[in-house]
Structures are given as structure tokens and as C-alpha cells.
Amino acid sequence: MALESQDRHGSRAICRQDLKFLTQIWAQPLINLQMVNASLYEHVERMHLIRRSWEQLKLLGDYLGLCRSGALKELCKRLNHRDYLLESPHRFSVADLQQHVYHCDLCTQRSFICQICQQHDIIFPFEFDTTVRCAECKTIFHQSCQAVVKKGCPHCARQRKYQEQNVFT
């Protein structure tokens, strides 16, 4: 039972079954960055450091796997049972990549500030539970702020006003 292909916020709607599936795989390491975009390691310093740390972790895990002290079990607990980090330094879950975005200087520079409330907390378009996106200009707002305003997108309104001023001058 698929929902409409596009909602009023410009985001693509999906069927409940697909949403359930995506929620289930959120923390599974299904994304192999080496295959998707290996150049991220070269061009994004933080990704290079993460790759290096995970390669160290994998080698460390090889030693701990042979150790009879139970250190590997302790390490897995500290990794929040993300054992895949020991198996492959290139595999990421959606949750892992989202954590990277929140802590990456380059990624956070591409974030948004809600233009309705103007709070300093940054928001991202992938935060579907708390944000909405204007279908026209793609600006991101808090859902709660957009619900209060109900006048439409303030960014689009400013653009229209600016264009009208230019027409009369």
C-alpha cells in the first residue's frame, strides 16, 4: 500500500512497510564506503582518521579474538555490540554515518538554522521526525515551528517580496 509519491513538504512519501524495513536496518552495517565512495577517505580528513582508527580496531580485534581473558567480549560491549567494526573498517550503518555528520565540521557547515524560530541549534534535512522541508526552496524548518506559522515558507515569502521590489524599481 504505497502512499502518494510526494507530500506537501516536498519529501517523498513511502509505504509503511518500507518505513518499517528502513527502521529495522537503521543500525545494520549495509553501506560499504569503499564501494560507494572511496575518495571520502582521501578528501575528508575526519573520514581518513575514522578509517585509520577502525583499521587499528580490526587489527586489535584479531589479537583479542585469540585471547582467553574475555577481552573481546568486553570490547564488543564498549562498541555497543557493533561487532562489524572489528570485521570490516569500511562497513557503516545509517546510524554510524548520521553520527559522523553530527560531529563533522564540514557536514555541520551544511546544516540549517530554522528561519522561523532562529534558534542556534542546527538541523538537517534527514531528521524526518523533527523537521520539514519546503518543496519550493528546500529550506528546512522545525516541524513545530512550521505548524505554528501555517503561512507557508518565510524564505519563499522574502524571496517573493524581494522580487516584487525589483519589479517596481
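Start by selecting the buried residues of helix α4 together with what covers them: α2 (33-37), α3 (40-43), α5 (71-78), α6 (84-87), β2 (91-92) and α7 (94-103) are all part of that cover. Keep in mind as you click around that this is a predicted model.

Now zoom in on α4 itself, residues 45-66. This helix has 22 residues and reaches 33 Å from its first C-alpha to its last, close to the 32 Å expected at 1.5 Å a residue.

Which residues of α4 are buried? Select Met 47, Ile 50, Trp 54, Leu 57, Gly 61 and Leu 64. Turn the view until you look down the axis of α4: these buried residues fall within an arc of 95°, so they line one face of the helix. Here is some background for that view: an α-helix has 3.6 residues a turn, so residues three or four places apart point the same way.

In soluble globular proteins, nonpolar side chains tend to be buried together. In this model, the largest nonpolar core has 15 residues, and Met 47, Leu 57 and Phe 92 have the most contacts inside it. Color α4, α5 and α6 to see the elements that give two or more residues to this core. The largest share, five residues, comes from α4.

What does Phe 92 touch? Not counting residues up to four places away in sequence, the partners of Phe 92 are Gln 28, Pro 29, Leu 30, Ile 31, Leu 33, Tyr 41, Met 47, Ile 50, Trp 54 and Leu 97. Another core, of nine residues, lies apart from this one; to find it, select Ile 123, Val 132, Ile 140 and Cys 156, which are among its members.

Is His 100 buried or exposed? Its relative accessibility is 11%, so His 100 counts as buried. Leaving aside neighbours within four places in sequence, His 100 is in contact with Arg 46, Met 47, Ile 50 and Cys 107.

Finally, zoom out to the whole chain. You'll find 10 helices and six strands. Of its 169 residues, 28% count as buried. The accessible surface comes to about 12,600 Å², and 54% of that belongs to carbon and sulfur atoms. Among contacts between residues at least 6 apart in sequence, 46% join residues at least 24 apart.

Note on methods:
Residues are numbered from 1 along each chain as its sequence is written. This is a predicted model: local features need pLDDT of at least 70, side-chain atom pairs count only at pLDDT 80 or more; totals for chains, interfaces and linings use all residues. Side-chain values use heavy atoms; hydrogens and water are left out. Helices (H or I, at least four residues) and strands (E, at least two) are DSSP runs, numbered from the N terminus. The expected span of a helix is 1.5 Å times one less than its number of residues. Buried means under 20% relative accessible area, exposed over 50%, partly exposed in between (1.4 Å probe, protein chains only). The arc is that of the directions from the helix axis to the C-beta atoms. Contact means heavy atoms within 4.5 Å. A nonpolar core is a set of buried Ala, Val, Leu, Ile, Met, Phe, Trp, Tyr and Cys residues joined through side-chain atoms within 4.5 Å. Accessible areas come from the Shrake-Rupley method with a 1.4 Å probe; for residues, only the protein chains shown count as cover.
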